Structure formats: structure tokens, C-alpha cells
Amino acid sequence: LAGTGAQFGESLTIAGEGSGTMRLELRTSDATLHAARGEVELRMTMRGRRRSQELRQHTRIEIVSP
């Protein structure tokens, strides 16, 4: 993603990208979801005239059926 804008009257740009994977485990007997596991990483940068900020977020999810 990418965009431009203004903060307190100063122009800025924002750029970001991300990637991830998700694994779904289905029961073969009835094709219902048994479990899911995934990881995602997001990277964003905000640049202005006076400063730049960087964000990196790493998320892990695990869902298990009882």
C-alpha cells in the first residue's frame, strides 16, 4: 500500500507491505475445520519533512477445535 497526506500541515508519505501464510487442517470424515495456524508480517514507513517512522508488526494465530 502507498499514500500521501498531511499531518499538522506538513506533507507525508506512507508505504507498506506485508506477507503471510495460513495452514488450515480439515477433518477428512466431514470436511470441517480442525485447526488453523498462521503468521503474518507487516512493514510500514511514514516519511515527513522532519522525521521518519518505521513499524514492523509480526502476528501469529493458532485456532484449535475442541
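Eight salt bridges are counted in this predicted model, a salt bridge being a side-chain nitrogen of Lys or Arg within 4 Å of a carboxyl oxygen of Asp or Glu. Local features require pLDDT of at least 70 and side-chain atom pairs count only at pLDDT 80 or more, whereas totals for chains, interfaces and linings use all residues. Residues are numbered from 1 along each chain as its sequence is written, and side-chain values use heavy atoms, with hydrogens and water left out.

Select Arg 43 and Glu 17 to begin. Their salt bridge has its closest N and O atoms 3.2 Å apart. Arg 43 belongs to strand 3 (residues 33-48) and Glu 17 to strand 2 (residues 10-26), so this pair ties together parts that are 26 residues apart in sequence. Strands (E, at least two residues) are DSSP runs, numbered from the N terminus. Arg 43 is partly exposed, at a relative accessible area of 21%; buried denotes under 20%, exposed over 50%, and partly exposed the range in between (1.4 Å probe, protein chains only).

Next, select Glu 62 and Arg 37. Here the closest N and O atoms of the salt bridge are 3.6 Å apart. Glu 62 is in strand 4 (residues 52-64) and Arg 37 in strand 3, so the pair ties together parts 25 residues apart in sequence. Glu 62 is exposed, with a relative accessible area of 55%, while Arg 37 is partly exposed at 35%.

Move on to Glu 39 and Arg 60, a salt bridge whose closest N and O atoms lie 3.7 Å apart. This pair links distant parts of the chain, with Glu 39 in strand 3 and Arg 60 in strand 4, 21 residues apart. Glu 39 is partly exposed, with a relative accessible area of 35%, and Arg 60 is exposed, at 63%.

Four of them form an open sheet in the order 1-2-3-4, with antiparallel pairing; two strands pair if DSSP finds at least two bridges between them. Strand 1 (2-7) and strand 4 are the edge strands, each pairing on one side only. From one strand to the next the twist averages 20°, with axes fitted as lines to C-alpha atoms and angles running from 0 to 180 degrees between N-to-C directions. Strands 2 and 3 pair in the antiparallel sense over 15 bridges.

Notes. Helix = DSSP H or I, 4+ residues; strand = E, 2+ residues; numbered from the N terminus.
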